[in-house]
Structure formats: C-alpha cells, structure tokens
Protein chains: 2
Amino acid sequence: MKNVYCIGVGLIGGSLAIDIKKHNPEMVIHGISRKDATLNKALELKLIDKKATLDDLENADLVIISIPVDATVKLLPIILDKVPETGLVVDAGSTKEAICKVVEDHPKRRNFLAMHPIAGTEHSGPTAAISGLFYNKTNIVCEVEKTTFKLQEKALKLFTDIGMRIRYMNPKDHDKHIAYVSHLSHISSFMLGKTVIDKERNERDIFDMAGSGFASTVRLAKSSPAMWSPIFEQNKTNVVESLEEYINNLTHFKDLMKSDNFTEIFNEMKNTNHIKDILKGLI
Amino acid sequence: MKNVYCIGVGLIGGSLAIDIKKHNPEMVIHGISRKDATLNKALELKLIDKKATLDDLENADLVIISIPVDATVKLLPIILDKVPETGLVVDAGSTKEAICKVVEDHPKRRNFLAMHPIAGTEHSGPTAAISGLFYNKTNIVCEVEKTTFKLQEKALKLFTDIGMRIRYMNPKDHDKHIAYVSHLSHISSFMLGKTVIDKERNERDIFDMAGSGFASTVRLAKSSPAMWSPIFEQNKTNVVESLEEYINNLTHFKDLMKSDNFTEIFNEMKNTNHIKDILKGLI
C-alpha cells in the first residue's frame, strides 16, 4: 500500500495519519476535506503529504474515512465506486449499523472494512490530532467476513502496527454496546454542563467552586456537536434506551434521598464502587 | 502554632498534613482516627508525627477535622469543648450549613472556622494523601466574622501558604452552589457507572469497548460511600433540586431524540460547548 487517502483530517483522521506515516514512511498520505482551510492546516501540521479530491481516489490503495457518520453514509457508496479493484476503504465511525447497511449490496462491498477505532479526546479538528492516540486501544471490526481476505489482512496489520487490539463484532451489537459505554457518557456530560450553566445564570461565580471532579465529568461536553448529533441520530434506538435506564437510575436515587433512605443510598454507591476494578488499566 | 491535631488522616486530612508540615517544619502533626490501623498507616507514610486521642486536644493550637460530615456534626461540639481558649478548630467538610448550625450557640464558637478546601481525587484513606493537592485550589470560608480575628488570620496564612485562594461565602449559598458543581457530578457519575454495570450483566465484555471518555465520566463513581452518603443527607434539599433539573434536562434531550429533532439536539450541545471557556485553567 502506497497511496493512502484520508477523508477527514481532524482528531481521528489526523491522528491515524500521523501514526500510519510513522510506521510506513514510504506511504504518501493524501488529505481530502470539504474545507480547504482544514487541508492547509493539516499540511502545515504535516499530518498529510498532499491535498487531494474525491476524483483522485482512482489511485487509492487505502482510503480512511473519518468524518461525521451522516456524511459517511452519504459518501461511502460514491467512494467505493471510485476506488480501484485493489483498493481498500475503511471508516472510523462511532456507529456501524447504518454504515454497513448502506453498502450491503454495493458491487464493491468486498473492498470495504467497517471499523471503529475507539479512542479520542474532547477536542476536534487537525490541531487536535496527536501521535499515539490509538496505542493500546481497541479497534472494533464489523462484518470482517464481507471483506476480501487480502485487503483485511493488510488493514489489520496497519492497525495492529500502530498499537491497536482488534475485536470482531456484528454492527448491531456494536451499536448497542457503544451506546452505553460511549454515547451515553457524552449525553450525561453535556446535560450536566447544561444544568450547571443554567444555574450559573442566576448564581454568579458558581464555577469558582468547581473542582477537578466537575471538570472530569463535564469534559466530554466540549465535544463537537457536528460529530455527535449524527451519531445520536443513527443510534437513536439504543441511545434512547440507555438514556431511559440512566434517567430511571437517577430518579430512583432521587426518590431514595427524598424518602431519607440513606442506607440504600450508601448501598447504591458501594455496589457501583467496583467500577474501580473494571476501569483498571482502561486509561 | 505548634501542635496541630488532624482528626481524620485520609485523602484530605493527610494531604493537608503533608503540605502544612512542609511549610511549617517546626509544627508537630498529631493524628487522630477511629481506627488504629489508619493511624499506623499515616505514621508509616509520614503524614503525621505522632498518634493522639481526643483527650490530647487540650494541647492543641490547631485542630483540622477531615472526617465524614455526619461525624463532624457529632464531634465538633465535643472538640470545641476540649480545645484551649487559644486553640483554633477548622473543618474541611463538603457541607457547611449543618456544621455551622451545630455550634452556633457554642461558648467557644469564636474558636471555630468553617472551611471547605475544594480539592480531592476519587481515592480515599491515608494512601490517597498527596502533596500539592490544594495548590491553586479554592478554599471557601464561611461565617468568617464569627471567628476570633487573630485565629482566622493564622488559619488563612496557613492555607494561603500551601497555595489556596480564599473565598468567603455564607453556609447557605455554599451548600446551594456546591450541590451543582460537586455533589451532582458525583451522582451523575455513580448512576452512569450503575447503568453500564447493570447492562454488562447481560452483555459480556462491554467494557472492552469503553474508552477514556467513559473512564473520565465515571471516575467519581470510585469515591467513598462513607464520605458521600452523609454529604447527600446533609445537603438533601439542594442536591434533590439539582438532580431534578439534571433529570429534566436529560428527559428533554431524550424527548428531542424520540421526536427526531436533531437540529435542536445539535443546538443543545452547541450551547453547552462554551463550558470549554468556563473550565479553562480549572484543572
């Protein structure tokens, strides 16, 4: 693989570009973006070697799509149309069902590998790209059997080289699980931020009192709405289900407080404390 | 001030002891705890110089109370009874109204300064104590006018020496604001952890998919239930109010999703994004 085309050169696309180039200096990284300013910034930051457009994809050995998932669903069939028979297209979207669905009958389905490299920060854009973002992180690969063996083999080597563990999962399970461990966290964080900001309108200087605990729980509320709104839309059923369970748990906690059942409040927290062991080594 | 008695030598008491000793090597730090094993651990870690009991407080120049807030409410009047006329008692509790209330008519009220040094981690016990925990953090001082001037002056020097900014507030406002920026974060985190753990009972290996975002939002769910349950009890009214607003915001978000109003979902997130600027320099 020589010619790599990164469609989207922000946090995810840019960070992948850095590490792939580091492990494969012979590769040429081409950047594609809706905005020329973004590409110029990516060039300046040396995330990419060259600027390109979708029409150049006929030369692609590998295409990495890291753009909002609604744009991926729209563009993926067109991208597959353009790549050569020997080209591989992978995506890095946080939803997998809609993306796999849109190309299930595409004549070049076997040139596509659906992935979700699970890593990120609350920042976005080319300036957010960092080396090592994917080291020791999990890459979920969906419907691996639908991709030409030789192409998936190459892709998996590329991603294990940059330090990723590969896990296989079907798109339905992926979307269900990721709703709980990722999408819900973002909503809980956004709404926590909103609740406190709303309060602050009336009560000045409340944030002087915020400590590192608050900062940690609202960190994800800095995330990009353009990236997250389509994720929630595509994973609506699972996210709504997880939100309902979360709201039920919060309501139960509130009711325990209102009825002065602090023994049970203690137990609720005690039972959740073993998240310690679960999280060990996670970050 | 020579003889400092730390009642509670865990995360908060132990961290205060380390930095106070560092800035005042002439001071003797005495540790008091319900559990002898805790004191031995604190001695071993050099958080304290000596073990002591409540009866030794007649020699105290300064007493720092860093124990669960229900224990503080019970012990504070007894502690004040024991200290000499020249002694100062401060507490580090995360609630202030109940604590100030219990000593409002105490004959030695002027020997007490109500404080909330806002810092911490999700860990607890003497092994969690670290140097620098309070550097650049806010110390809320309540009802400063009720403390003998010379004593508050000494205390404030001690806490500014270890790097704290002092802010003055009445106990009622403190408890109202801290419900939003600290207590609510803990509940949101505990219940997020619970929601995902419950889900995982049926869906194995879900945590393989958890990234650093999840880890950040559930970090506080590792906190000590023994410390937090009494905080929620003492600040019940404010915490229930903040929980209700949080649940309302989550329910609104869920309803927007159910009605496919993703434009408004985008706006909700966009409007909360400026938490970025608010948090700048917070941690």
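Author: Two residues are in contact if their C-beta atoms, placed from the backbone, lie within 7 Å. This is a predicted model, in which local features need pLDDT of at least 70 and side-chain atom pairs count only at pLDDT 80 or more, while totals for chains, interfaces and linings use all residues. Residues are numbered from 1 along each chain as its sequence is written, and chains are lettered from A and ligands numbered from 1 in the order in which they are written.

Reader: How many residues does the contact take from chain A and from chain B?

Author: The contact takes 80 residues from chain A and 80 residues from chain B. On the side of chain A that touches chain B, α6(A) gives the largest share, 20 residues; helices here are DSSP runs of H or I with at least four residues, strands are runs of E with at least two, and both are numbered from the N terminus. By class, that side of chain A has 42 nonpolar, 21 polar and 17 charged residues, where Ala, Val, Leu, Ile, Met, Phe, Trp, Tyr, Cys and Pro count as nonpolar, Asp, Glu, Lys and Arg as charged, and the others, Gly among them, as polar.

Reader: At what angle do helix α9 of chain A and helix α9 of chain B pack?

Author: Two packed helices are described by the angle between their axes and the distance between the axes. Here α9(A) and α9(B), each residues 236-258, pack at about 160° with their axes 10 Å apart, the axes being lines fitted to C-alpha atoms over the stretch in contact, with angles from 0 to 180 degrees between N-to-C directions. The two helices are therefore roughly antiparallel to each other, a term for angles over 145 degrees. Among the residues that meet are A:Leu243, A:Ile247 and A:Leu250 in α9(A), and B:Leu243, B:Ile247 and B:Leu250 in α9(B). The residues of this contact divide into 14 nonpolar, two polar and eight charged.

Reader: What is the order of the strands in the open sheet of chain B?

Author: Strands of a sheet pair through backbone hydrogen bonds, either parallel or antiparallel. The eight strands of this open sheet have the order β3-β2-β1-β4-β5-β6-β7-β8, with mixed pairing; two strands pair if DSSP finds at least two bridges between them. The edge strands, β3 (50-51) and β8 (165-169) of chain B, each pair on one side only. Strands β1 and β2 of chain B run parallel and are joined by five bridges, and B:Tyr5 has B:His30 as its bridge partner in β2(B).

Reader: Is B:Ser15 buried or exposed?

Author: B:Ser15, in helix α1 of chain B, counts as buried because 27 C-beta neighbours lie inside 10 Å; the cut-off for buried is 20 or more other C-beta atoms within 10 Å, for exposed 12 or fewer, with partly exposed in between.

Technical notes
Parallel < 35°, antiparallel > 145°, perpendicular 65-115°, else oblique.
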